[in-house]
Protein chains: 2
Amino acid sequence: MSSMVWSVWLFALIAVAGLAQAAPAQPSLADILDHSPPGDWREVDPARTLYLDLPHGRVVIELAPAFAPNHVANILKLVRAGYFDGAAIVRSQDNYVVQWSQPDEKRDLGRAQKTLKAEFTRRYDASAPFTALPDRDTCAAETGFSDGFPAARDPTTHLTWLVHCYGMVGAGRDNDADSGGGTELYAVIGQAPRQLDRNVTLVGRVLVGIDLLSSLPRGHGDLGFYQTPAERIPIRAIRLASDQPPAERLRITALRTDSASFSAVIQSRRFRQDAWYKVPAGHIDVCNVPPAVRVSGRP
Amino acid sequence: MSSMVWSVWLFALIAVAGLAQAAPAQPSLADILDHSPPGDWREVDPARTLYLDLPHGRVVIELAPAFAPNHVANILKLVRAGYFDGAAIVRSQDNYVVQWSQPDEKRDLGRAQKTLKAEFTRRYDASAPFTALPDRDTCAAETGFSDGFPAARDPTTHLTWLVHCYGMVGAGRDNDADSGGGTELYAVIGQAPRQLDRNVTLVGRVLVGIDLLSSLPRGHGDLGFYQTPAERIPIRAIRLASDQPPAERLRITALRTDSASFSAVIQSRRFRQDAWYKVPAGHIDVCNVPPAVRVSGRP
């Protein structure tokens, strides 16, 4: 692990001392990850990994074709057409979202479409991967994780959808449900705006570098849009990892959310056991479970 | 209202068109606030309002003596002793907290104490103000608002406590429960870290200017501490509003959380009715209800 960079989201690291108190003793997060078997990790597929390169660093996004197949396919077409070359972060709204788009409205879409039918929810069956959380959720009947992504389900309708947690990435749209398509993308940078669930197509999540987006200056126009082009943050490029030469790719592995180690992470987060905590919460929200990610290679 | 600056937290303003769809028709947030009677607003008491002045602007904090009387009294003593003159933001941890303290360890505490007995929870009775939310919470038996602050209650123990929502301010401590006192303060800048509830003494909340804290560069030391003194953001001063000449105070009013207008705000947030939303959430988390604040006067 010497050459690896740990990128567990930092808030996860507040409590790792590992002294037992009340309730069943839990190993610390660091212990769990250090002792997790290799099979509990998955390589994040370069064919659905985007590099969003900003002047101050790289943001890595994992796409979620299982939930938004048409939007993901369309975004890949946009990326390969160079649609986002010269794009910019145009919006930074406190406790809400950062959004980027192509200010040049004449930019060629390549083989992509401007708009698509919404992919807000999808049906699920017993074969769909889902690790349910044991605690109740304010908004949904069930919450948990599906192939790494925070998700919700409704057993009465057999519908499932991705959840607007910190770092999730979605396709902005106008009032028409089918007016999005991936040309305008946003990332959540505040308290989970759960009111957006089932109202926007979520297409993936930021795995590395969300802090490069969340710490941007806020925009002072309506809805946090920057008021002048000069305030915008230029995007150097958005590229697909698998389109880069292997030597230039990051190698990213993520803890499998259907693994025993991930279940242990959830338990350790529900019942904090280090010397600092006095009253373990005993519960956890789906948006408070941190993704555990290992990154190596040139950033 | 012409001379007033609206400072409803911006994410509240995403949806204000006001077209009715399914479910009972709800007025928009803007409608509710525009038509709220003056009696539904309270003047925020200058005797428990702090001005935290940074090089890039002012952060206004309302203290919560009803929940943390000893910590609030101690913080006022620190402020009046000039303890925070030359203090600095020393920590900025993504999706978690920003923290400030006095790097000069020899600084005179005045009549204040360095540490105090914890004020994590307090008993409540029927006289305690509490506007309960109708929706279930992941962590607490009941959540709602007490005199403007997001709070939780447990009817079986008759204990109540403030909740770690975005913008809440707390007194950092070491491992000992009674090792805090207000010399180190933090503000939440990410997904509500509810695991901290009942583990730290919350002392108030940021009413104005949380974006000045949340958009600071992240620290790259352990727990998001800045690695060098040069990275720290200097605090010009922390002062009590009522200690300033009246002409130099901000006049801040906040929507009363026991008012009919506030109940209408909650309903409008649970059932979004404008043209953009397709599926109203029908539920709301205590940390997704925005404080509605009006500010006038010199900032």
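Which residue does A:Cys165 form a disulfide with, and how far apart are their sulfur atoms?

Analyst: In this predicted model, A:Cys165 forms a disulfide with A:Cys287, and their sulfur atoms are 2.0 Å apart. The torsion about the S-S bond is -75°, and the link of A:Cys165 and A:Cys287 is left-handed. This pair joins distant parts of the chain, 122 residues apart: A:Cys165 sits in the loop between strand S11 (159-162) and strand S12 (168-171) of chain A, while A:Cys287 sits in the loop between helix H4 (260-270) and strand S18 (293-296) of chain A. Both ends are buried, A:Cys165 with a relative accessible area of 3% and A:Cys287 with one of 5%.

Chain B has a disulfide between B:Cys165 and B:Cys287, with the sulfur atoms 2.1 Å apart, and this link is left-handed, with -75° about the S-S bond. Here B:Cys165 is buried at 2% relative accessibility, and B:Cys287 is buried at 6%. Over all chains the count comes to two disulfides.

A:Cys139 is partly exposed, with a relative accessible area of 21%. In chain B, B:Cys139 is likewise in no disulfide, the nearest cysteine sulfur being that of B:Cys287, 9.5 Å away.

Methods: Residues are numbered from 1 along each chain as its sequence is written. Chains are lettered from A and ligands numbered from 1 in the order in which they are written. This is a predicted model: local features need pLDDT of at least 70, side-chain atom pairs count only at pLDDT 80 or more; totals for chains, interfaces and linings use all residues. Side-chain values use heavy atoms; hydrogens and water are left out. A disulfide is a pair of cysteine sulfur atoms within 2.5 Å. Helices (H or I, at least four residues) and strands (E, at least two) are DSSP runs, numbered from the N terminus. Buried means under 20% relative accessible area, exposed over 50%, partly exposed in between (1.4 Å probe, protein chains only).
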